[in-house]
Amino acid sequence: MDTVTIIALIVSSSLFAATPLIFTALGGVFSEKSGVVNIGLEGLMIIGAFTAIVFNLTFVDTFGSMTPWIALLAAMLAGGLLSLLHGVASIAFRADQVVSGVAINFLALGLSLFLVKMFYDKGQTDMIDTRFIKKDIPFLSDIPVIGDIFFSNIARPTIWAFVIAFVAWFVLYKTPFGLRLRSVGEHPMAADTMGVNVAKIRYVAVFISGLLGGLGGAVYAQSISLDFSHSTITGQGFMALAAMIFGKWHPLGAMGAAIFFGFAQSLSIVGSSIPFLENVPAVYLLIAPYVLTILALAGFIGRADAPKASGTPYIKGSR
Amino acid sequence: MSKNWTVLAVPVISVLLGLVAGAIIMLVSGNNPVAGYTALWNGAFGDSFYTGETLRQMTPYVFAGLAVAFAFRTGLFNIGVEGQLLVGWLVSVWVGLAFELPTIIHLPLAILAGAAAGAFWGFIPGFLKARLHVHEVIVTIMMNYTALHVTNYFIRDVISDGSDATDPVKETASLQSEFLQSITDFSSLHNGIYLAIIAAAIMWFMLEKTTLGYELRAVGYNQHASEYAGMSVNRNIILSMVISGAFAGVGGAMQGLGTFGNMFINSGFSGIGFDGIAVALLGGNTAIGVVLAALLFGALKVGSLNMPIESGVPNELVEIVIALIIFFVASSYMITWLLGRFKKKEAK
Amino acid sequence: MEVCDRVTVIRKGKGIGSVNVPDTNPNHLASLMVGRDVTFTTQKNEAVPAQNVLEVRDLSVNDSRGVQAVRGLNLDVRAGEIVGICGVDGNGQTELIESITGLRKATGGTISLNGKNISGFKPRKVTESGVGHIPQDRHKHGLVLDYPIGTNMVLQTYYQKPFSKAGIMNYKEVYKKASTLIKEFDVRTPSETTLARALSGGNQQKAIIGREVDRDPDLLIAAQPTRGLDVGAIEFIHRRLIEQRDNGKAVLLLSFELDEIMNVSDRIAVIYEGQIVAVVNPKETTEQELGLLMAGSTKGAGDRV
């Protein structure tokens with residue numbers, strides 16, 4: 001295989017694996033930037049994956065080729081609703097946010113598997129037919145070299161991932177809403193005295209994280225796993241969490257980190273096709289993303305400073 | 001006195017609320033809650049076999065819960081119990097296979113090896129947090145995945161010859177107990193349950209009665225004051241993760257030397273580590289609480305297997321109930337607030 | 001008294017009474033608040049200072065941002081005297097105290113205690129060398145608020161006999177000591193096992209002072225010891241500081257209240273931009289002069305020691 005083909009293969013599979021992580025990590029960024037820790041990203045992905053698969057299986061005849069996209073919307077809604085539970089617990093009931101997030105993970109898994117049993121009378125769903133596939137982007141993929149590498153074999157959701165990442169950046173850093181959101185996460189009391197409704201902003205932020213987390217799970221289910229069972233989402237939510245921290249709680253940083261994780265994961269899959277890597281024992285490729293992350297955190301990223309008010313319930317009137 | 005009562009009330013009320021919510025879900029989905037919960041109870045304690053299974057299931061939960069609780073008390077979130085447990089499992093099985101020794105040496109050696117492996121797996125995130133301020137949540141998550149792949153590799157390519165499981169450990173390193181099996185109708189209950197209770201006692205003693213415990217809890221409450229007091233915050237963070245990892249590693253040894261007697265390729269995490277988080281929370285991060293919560297979880301998990309058989313309710317309902325219990329524990333502020341209002345009404 | 005028309009006095013949760021401002025004066029109000037007569041100026045004998053206990057030479061310390069906060073500072077505190085450091089907040093006082101107590105590493109210079117070099121010592125070694133520290137922020141540094149007040153009393157000594165042996169704590173001894181200190185220093189608490197968090201600021205501070213003074217340190221550093229406290233507690237704490245000084249100990253007082261500095265200190269050291277710019281006798285100076293020195297203007301008649 002020539003170099004361009006190899007690079008194209010790597011880029012394509014990296015982005016394919018990274019796309020769900022990008023969406024979910026962005027969700028995490030919104031929530032945490034507003035001061036609400038969201039360990040429940042895993043659970044949001046689970047409920048998103050579940051909703052998307054079930055919707056796809058049920059409505060594929062009604063919507064045809066548009067089904068996966070509409071399923072995304074359904075999944076986003078499911079994720080949003082689940083995240084509101086986390087929001088209520090963390091904001092209104094002042095629960096320990098880490099604990100609440102862990103509960104979301106348990107709840108999502110239990111609820112979705114319970115419903116799978118109830119709907120289909122078995123432990124896992126059938127596989128979906130209509131899904132996201134890698135295609136070439138018209139026009140752009142005809143550009144020599146660059147086109148082959150970056151614009152061929154890209155699933156459509158990947159493009160949306162980049163778009164939403166930039167939208168997220170714009171919203172957080174260039175709009176008044178984003179400024180209020182960030183201020184609530186750094187110093188809620190100051191924001192409160194300036195008239196910002198801390199609770200409302202946090203609910204909105206958590207809801208957004210639910211939308212995006214569910215979206216990530218739905219994209220994963222409809223492009224990679226193609227069915228839903230208890231082993232569909234096993235840690236991708238935590239990887240997204242790691243990407244968020246790795247990206248220093250910045251939307252573009254999180255996106256970059258997610259791409260890095262996607263790249264590392266794809267190495268283990270396509271490694272055998274790449275002459276350079278085919279002799280490396282599989283285990284090294286498998287653990288590469290994780291070890292590299294640890295090294296990067298220790299060496300280059302250094303102090304990872306969460307938004308200052310992250311994790312602390314805001315109690316009006318407290319110092 | 002009233003403070004102690006409240007502390008106990010929160011987990012108990014959370015469990016009750018969780019069960020009530022589970023009953024509602026059963027009703028809504030067309031099932032009979034009474035039949036469902038009866039099947040759950042029967043499946044956990046209905047006869048000596050089930051009771052044995054429940055106690056056996058509880059054993060690794062105790063260790064996982066102790067690991068998480070211990071770290072929590074020092075202000076650290078050890079989400080890496082899954083990985084620490086896996087390496088403890090692997091190393092204890094390896095020692096159980098590799099040596100010819102009398103039981104009195106072989107078994108403790110294998111268990112200690114498991115503890116050491118877990119301790120090492122906990123040392124890394126502890127060190128990185130203490131020295132380089134790296135977030136322990138993300139490092140432990142990474143270490144979980146690394147452990148999964150590394151242990152699978154060792155099983156397939158180092159210990160066995162390309163097979164998916166190791167040979168069973170030698171009898172001299174086994175926790176299996178004919179006595180326990182005979183009184184529980186041949187359940188898989190093994191001697192690890194005694195170790196679990198002992199481990200809980202050790203954790204209680206360490207935290208409440210030693211100078212180390214005084215330091216660890218102080219660091220968990222207030223790092224600045226601990227520094228002012230002359231304690232080494234870094235050393236305590238590292239030590240806490242090491243001890244926490246050791247507990248988890250022994251939990252893995254329980255699986256390797258007791259429950260299964262060997263180790264096999266895992267396609268995913270067992271979930272014991274994550275359940276350990278729930279156990280620790282429900283147990284209020286105390287040793288006795290962890291033991292009781294582990295018993296509850298063991299009962300729920302084992303009992304749930306009987307639910308589809310006896311009452312047609314999917315066993316996943318129990319996962320939902322567990323999740324809701326955790327929610328209620330997390331929202332303990334709400335519960336204590338409600339209790340306070342209730343008391344005020346009585347006073348009037 | 002400057003703003004209100006009427007004053008209501010509350011003591012121990014009960015309203016004592018109300019007076020009109022024109023009908024009262026500070027002494028009257030203070031005695032209502034405390035329940036007995038309160039002196040505002042501390043009664044003290046003349047200081048009899050002896051040898052240097054603390055010697056700081058050419059000390060340089062950076063703050064948390066890496067900016068130099070202490071620049072070549074020199075300071076002496078002798079046994080049997082109280083040296084008060086006054087200065088506008090942010091002129092290096094905090095960093096000076098932190099470097100003496102081992103909470104921050106100096107970048108240059110030396111600190112010696114009774115002739116022994118303690119520069120760079122970790123907090124525990126500094127404490128063991130004979131230094132007591134009443135910290136500026138009692139909640140951040142001085143106490144573990146979620147511990148009982150009793151176990152807080154051995155915060156720096158828990159690892160020594162009789163409070164522990166071979167790594168095992170002897171909580172009976174801990175609470176015995178705590179009980180003694182609580183009585184001796186008038187710490188108002190329902191019991192020794194009450195969480196430190198539940199005590200009032202004044203009682204928390206009295207507990208801290210009791211703990212530090214009980215160790216009988218050669219050098220006692222008191223940073224903002226009466227911040228946020230009521231007159232009764234202030235008077236009590238000042239008396240204790242003077243008592244230490246009368247027992248031949250060295251006391252270094254840091255405060256932003258000029259009243260306190262002038263009342264309590266035997267010598268006043270003015271800190272400005274990381275250096276001691278003047279050392280004056282409280283009896284021979286005025287608030288105005290101190291204020292000017294704190295703002296950086298140099299004395300007309302040159303330095304006095």
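User: What does the secondary structure of chain A come to?
Analyst: In this predicted model, the secondary structure of chain A comes to 12 helices and 2 strands, where helices (H or I, at least four residues) and strands (E, at least two) are DSSP runs numbered from the N terminus. From the N terminus on, the elements of chain A follow the order α-α-α-α-β-α-β-α-α-α-α-α-α-α.

User: How do the numbering and the cut-offs of the model work?
Analyst: Residues are numbered from 1 along each chain as its sequence is written, while chains are lettered from A and ligands numbered from 1 in the order in which they are written. As this is a predicted model, local features need pLDDT of at least 70 and side-chain atom pairs count only at pLDDT 80 or more, whereas totals for chains, interfaces and linings use all residues.

User: What is the radius of gyration of chain A, and what would a compact globule have?
Analyst: Chain A has 20 Å, which agrees with the value near 20 Å that a compact globule of 319 residues would have; the radius is taken over C-alpha atoms, and the globule rule is 2.2 Å times the number of residues to the power 0.38. Along the principal axes, the C-alpha atoms of chain A fill a box of roughly 65 × 50 × 40 Å.

User: How much of chain A counts as buried?
Analyst: Of its 319 residues, 55% count as buried, a term for residues with 20 or more other C-beta atoms within 10 Å of their own, while 12 or fewer is exposed and in between is partly exposed, with C-beta atoms placed from the backbone.

User: Now to helix packing: at what angle do α2 and α9 of chain A pack?
Analyst: Helix α2(A), residues 41-63, and helix α9(A), residues 198-225, pack at an angle of about 55 degrees, with their axes 6 Å apart; axes are lines fitted to C-alpha atoms, for helices over the stretch in contact, and angles run from 0 to 180 degrees between N-to-C directions.

User: Why are they called oblique?
Analyst: With that angle of about 55 degrees, α2(A) and α9(A) are therefore oblique to each other, because under 35 degrees counts as roughly parallel, over 145 as roughly antiparallel, 65 to 115 as roughly perpendicular and the rest as oblique.

User: Which residues make that contact?
Analyst: Among them are A:Ala49 and A:Ile53 of α2(A), and A:Gly213 and A:Gly217 of α9(A), and two residues are in contact if their C-beta atoms, placed from the backbone, lie within 7 Å.

User: How many residues of chain B are in contact with chain A?
Analyst: There are 37 residues of chain B in contact with 36 residues of chain A, and α15(B) gives the most to the side of chain B that touches chain A, with 11 residues.

User: And the contact of chain B with chain C?
Analyst: That contact takes 14 residues from chain B and 22 residues from chain C, with α9(B) giving the most on the side of chain B, namely 5 residues.

User: Which peptide bond is cis in chain C?
Analyst: The peptide bond from C:Lys161 to C:Pro162 is cis, with omega near -5 degrees, and C:Pro162 lies in the loop between α5 and β9 of chain C.
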